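Here is a guided look at an assembly of several chains. Please keep the sequence and the structure open as you read.

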Amino acid sequence: MAQRAHVAEHLETSTGLDNRKLAMWLFLASEALFFGSLIATYLLYRGQSQEGPYPHDVFNIPFTSVSSFILLMSSTTMALAVGAAHRGRLHQMRTWLLCTALLGISFLAGQAFEFTEFVHKGLTLSSNLFGSSFYVLTGFHGAHVSVGVLILLSLWVMAARGRIGQHNALNVELAGLYWHFVDIVWILIFTLVYLLDPLAGGGA
Amino acid sequence: MAQTTFEGSSLGVLEALRQLRRQAATYQGIWSWIATVDHKRIGIMYAITAFLFFLAGGVEALAIRLQLAVPEGQVLDQEVYNQMFTMHGTTMIFLVVMPLSAAFFNLVVPLQIGARDVAFPRLNAFSYWTFLMGGLFLYSSIFFGGAPNGGWFGYAPLTEKAFNPGHGIDFWALGLQILGISSLASGFNFIVTILNMRAPGMSLLRMPVFTWMTLVTSFLIIFAMPVLAVGLFQLSFDRLFGANFFNPLKGGTPLLWQHLFWLFGHPEVYILILPAMGIVSEVLPTFARKPLFGYPFVVFSGIAIAFMSFGVWVHHMYTTGLGPVANSAFGVSTILIAVPTGVKIFNWLGTLWGGDIRFKTPLLMALGFITMFVVGGLTGVTHSMVPSDYQQQDTYYVVAHFHQVLFGGAIFGLFAGIYYWLPKFTGRLLDERLGQLHFWLMLIGFNVTFQPMMILGLLGMPRRIQTYPTGMGWDLWNMIATVGAFLIALSILVFIVNVIYSLRRGQKAGADPWDGRTLEWSIPSPVPPYNFARIPVVRARDDFWHHKYREDEAGRPIPVVAGGANGHEEQEGHAEHIHMPSPSFFPLIAALGFPLIAYGFVLADYALVAVGVVVLLFGIYGWALEPASE
Amino acid sequence: MHGRKSLLAYARLLVPLLAALLLTGCNVAIDTPQNTFAPVGEVARDQRHLFFLAMWPAVVILVLVWGALLFALFRYRHRPGAPPPKQVHGNPPLELAWTLAPLALLLGLAGPMIGMIIEQADRPSPEENPLQVRVIGQQWVWRFQYPQYTDSQGRPLEMVGRGTEPAELHLPPNRKIDLAIESIDVIHSFWAPRLGGKVDAIPGRVNHLWLVAEQPGEYGGQCAEFCGLAHADMRMRVIVHESQEAFDAWARQQLARQSQQAAR
């Protein structure tokens, strides 16, 4: 079975790009439209909420900065995992895959804690426009991170069983592409949602 | 222990699936259809399912027309009427035209590019099963308190819980999400297939136009559907969890829904028409025995339409009060998009000009497309005159316009494709006389139904009204339109008879019944599972034609001895051991997860949602861990 | 010949159909309540004019295209013994020409269009002494308020539909009407076709429309945005009085009635 997969990976394609890599890029392009629409909604409704809580009432920028840093670091460990996979350094690959997954879980834990705090302060999905657009945007992002963590842990388990190696390093690379994309989306969200507000002087 | 039982039963299920998988690989029996990953079988399943939904949508149309035939009609009450037109529109767009186009992508594109299958055969199967699940889920709403009743465009806040407390809109929103996943998967699959799996020598500018239109349409799908998905999620969050996206009481604006919907919706109409335009671009050269006139212009106009389609969406919103700047800007962009659309008409004329035209049914249907689409396109231009549109918007003039392009255009084009390509996949020609009868009845019926609607719109009849009083000057035209609708229905009956008769007793087609130009005609009919015994090497556009004919000094074709399909067929005996992807049940299993999740959300049964997620994950993991072929 | 039979049958069908359509077109200005081709005001008249500005070139193009198509189908139909056709691939200069020509024609329409958009978006100035009407859409009746006409309690004159009875929109002739259009529930659309095009009534915002009625009489109007169950019933009667004085007299009468009802 592994042999056939090996052959399949080296089929000649008209563009030279592996089928699955091209598919992942296309998928990420469509995801850009998905998150773009959610972000556009958030920006449209910025400052339009008729009642609080408002962003400056709930945001804890230092805290979110730390969790953002954690997610950024996970992209580094992801890149290390991909590099290790390509070089056949399977032990390192497994280590970095696990690190990435754990950092991702930490980020999600941070999000969960943050959301709980916000709810305690009275910000729910139904409170106002801010609540709706914020939770749906960051919630979908969190869902994407969760799927990414699931993929990483699955890869880690498969690697532990010897099914991921240099010959099918593409699998790790594809996970890497997805993971980096999710990270970039977070950078956009952190900037436009968290940072832009205090910079604009706060207020509704 | 519970864990062992779970593992044990999983292993048992997996073993049973493996057995069935081996049986399915024999291409015999029902399991071979359920587990198929063969693009040709998937295409046939798409076609049959889409056609059945076409009949459903047609019945809905007839019901609407019966209700509107006379003033103060009593056939359908207000609620049922609203459900009827919602389902008619939603069905025809998402469950008929899109899947019928997908049927052709599946059946034809791999053959036209000289490939053995698509890039991701299991993803392909997944697209089909997800489509089926989405359609069934949507229609099952009838049993849960009623079908959706907010129109196919679902404007908020009418579709919000406050004004629409039943489950119908939830079925609509979640059903469209499921269908969106199907389309997205298809889009990714065909872009990769077309970009990556072309036969050696087939550069992009040597690809048949139908394949080009498939590529462009697939890009439109992957960029437009996510925007709809966001709008639908926001609506669902409003309805199910109390969010405020379209809630004016909390400062939300209903215009956000419209922007998101039409950002999707306008590219969507080009998703609906470009494949049919691709079909016409194949049929005309074949039946005029000349190449497509101006291939580069036709291809680039398709690409231009796709880009521009993202810049015109506000023309659905001229009356919402966005202001003169927005209306003027989008008025101009809408005027401009008429140019690449119109150019194709001239190129098609140029194809017929100087040709040797044979009036077979595929050509008649393509001619129907051209004549009807010109009218539809020109009425579109009158819409783009913004202040004039203030009168036309939301009237039967619009209904006439989009049926002109979607029925007069897309449906005629898709029927051209059916008559043209059905012989390739079944080995039998459809009966020519019944085909001509179908064509004429449908053309007459179509015009009798929809031309009066242009007049009705200009006489001031709005859309989506369950009835109207007498004395408005509308009575006669409505009656005529209703008669026309039944003529259309009659023409479809003729088609059904033709299919049933021809599948059994139709004339045998042979590999190349039309003296075609593209690669699909170089292989036997019906097509063997591996498509090509040897992957062809392509040396030109319309490569197969050049195998059959060379040109004299005047540019006229002269047959080459033994260059036709017969010559290619001889190669069948030398078919190497060709490795085809194995069948799989996991695409279907994964697809089953979606309606379970959706029912869970509709019924607020989160245990059911969890079950659906488990089924989906089981399907995905099984699929990921299963070797593509064994 | 099979080909010729199809072709002539096609032509035999098309000509009478076209003729029928054009003939009906000749009698379009019929006096039905919502006929956009029988305008009674400047806005509707201008919009109809713009429609014809696009429609006539469209008809010409249609006739030319269909004509060329039918000619080609006839002239180049298959005849046994005829030589196979030249495999012409295209004619780039011709194709460029037939791309640029429609572009020029269409852009030519853009000018008048934009001019009319701006003119119709311009709210009437105070010097024009417009009649102000507040239009409120609700499921499923129209409500019209005249802020410039108030009763003894200071409430504006108000007309509202009742059940399936259309609301009455009374107007004076030859005076600009400045409509402020809103909704208290879902999206509706205010449309009195013989006076002018429609503007949507959207909850949470106020949209503006100006109209003028030049001919006394009674005309129709109805909601033109699907608004639920009884969307078809949400109609209005637009009653244009003989003169400003006649309108004022009606308004006084109506206000008196309104005061009386409130007093009860």
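## How the chains meet

Please bear in mind throughout that this is a predicted model. Two pairs of chains are in contact, and of these 2 pairs, chains B and C share the most contacts. Chain A and chain C, in turn, do not touch, with 12 Å between their nearest C-alpha atoms.

Let us begin with chains B and C. Their contact draws on 78 residues of chain B and 80 residues of chain C. On the chain B side, the elements that each supply at least two residues are α4 (78-112), α8 (254-288), α9 (295-308), α10 (324-352), α11 (361-384), α12 (386-392) and α14 (432-458). The most comes from α10(B), which gives 14 residues to the side of chain B that touches chain C.

The contact between chains B and A involves 32 residues of chain B and 30 residues of chain A. Here α6 (168-196), α7 (209-241) and α8 of chain B each supply at least two residues to the side that touches chain A. The top contributor to that side is α7(B), with 10 residues.

| Side | Nonpolar | Polar | Charged |
|---|---|---|---|
| Chain B, touching chain C | 42 nonpolar residues | 27 polar residues | 9 charged residues |
| Chain B, touching chain A | 22 nonpolar residues | 7 polar residues | 3 charged residues |
| Domain 1 of chain C, touching domain 2 of chain C | 6 nonpolar residues | 5 polar residues | 1 charged residue |

## A closer look at α10 of chain B

How far does α10(B) reach from its first C-alpha to its last? The helix has 29 residues and reaches 43 Å, close to the 42 Å expected at 1.5 Å a residue. After α10(B) comes G354(B), which has a positive phi, near 80°.

## Chain A, built from helices

Chain A has 7 helices and 0 strands. Its C-alpha trace spans about 60 × 35 × 25 Å along the principal axes. Of its 204 residues, 37% count as buried. Among contacts in chain A between residues at least 6 apart in sequence, 83% join residues at least 24 apart.

One helix to pick out is α5 (residues 90-120) of chain A. Which residues of α5(A) are buried? They are M93(A), R94(A), W96(A), L97(A), T100(A), A101(A), L103(A), G104(A), F107(A) and F118(A). Following α5(A) is G122(A), with a positive phi, near 100°.

Chain C is divided into domain 1 (2-78 + 93-121) and domain 2 (129-263). Between them, 12 residues of domain 1 are in contact with 14 residues of domain 2.

Strand β1 (residues 131-138) of chain C runs parallel to β5(C), and 7 bridges join the two. Within that pairing, R134(C) has A180(C) in β5(C) as its bridge partner. With strand β8 (residues 207-211) of chain C, β5(C) pairs in the antiparallel sense over 5 bridges. There, D178(C) is partnered by W210(C) in β8(C).

Chain C also has an open sheet of 3 strands, in the order β4-β10-β9, with mixed pairing. Its edge strands are β4 (167-171) and β9 (217-222), each of which pairs on one side only. From one strand to the next, the twist averages 25°. How do β9(C) and strand β10 (residues 235-240) of chain C pair, in the parallel or the antiparallel sense? The sense is antiparallel, and the pairing extends over 6 bridges. Opposite E218(C) stands I239(C) in β10(C).

Technical notes
Residues are numbered from 1 along each chain as its sequence is written. Chains are lettered from A and ligands numbered from 1 in the order in which they are written. This is a predicted model: local features need pLDDT of at least 70, side-chain atom pairs count only at pLDDT 80 or more; totals for chains, interfaces and linings use all residues. Two residues are in contact if their C-beta atoms, placed from the backbone, lie within 7 Å. Helices (H or I, at least four residues) and strands (E, at least two) are DSSP runs, numbered from the N terminus. Ala, Val, Leu, Ile, Met, Phe, Trp, Tyr, Cys and Pro count as nonpolar, Asp, Glu, Lys and Arg as charged, and the others, Gly among them, as polar. Two strands pair if DSSP finds at least two bridges between them. The expected span of a helix is 1.5 Å times one less than its number of residues. Axes are lines fitted to C-alpha atoms, for helices over the stretch in contact, and angles run from 0 to 180 degrees between N-to-C directions. A residue is buried if 20 or more other C-beta atoms lie within 10 Å of its own, exposed if 12 or fewer, and partly exposed in between; C-beta atoms are placed from the backbone. Domain bounds come from an automatic or database domain assignment.
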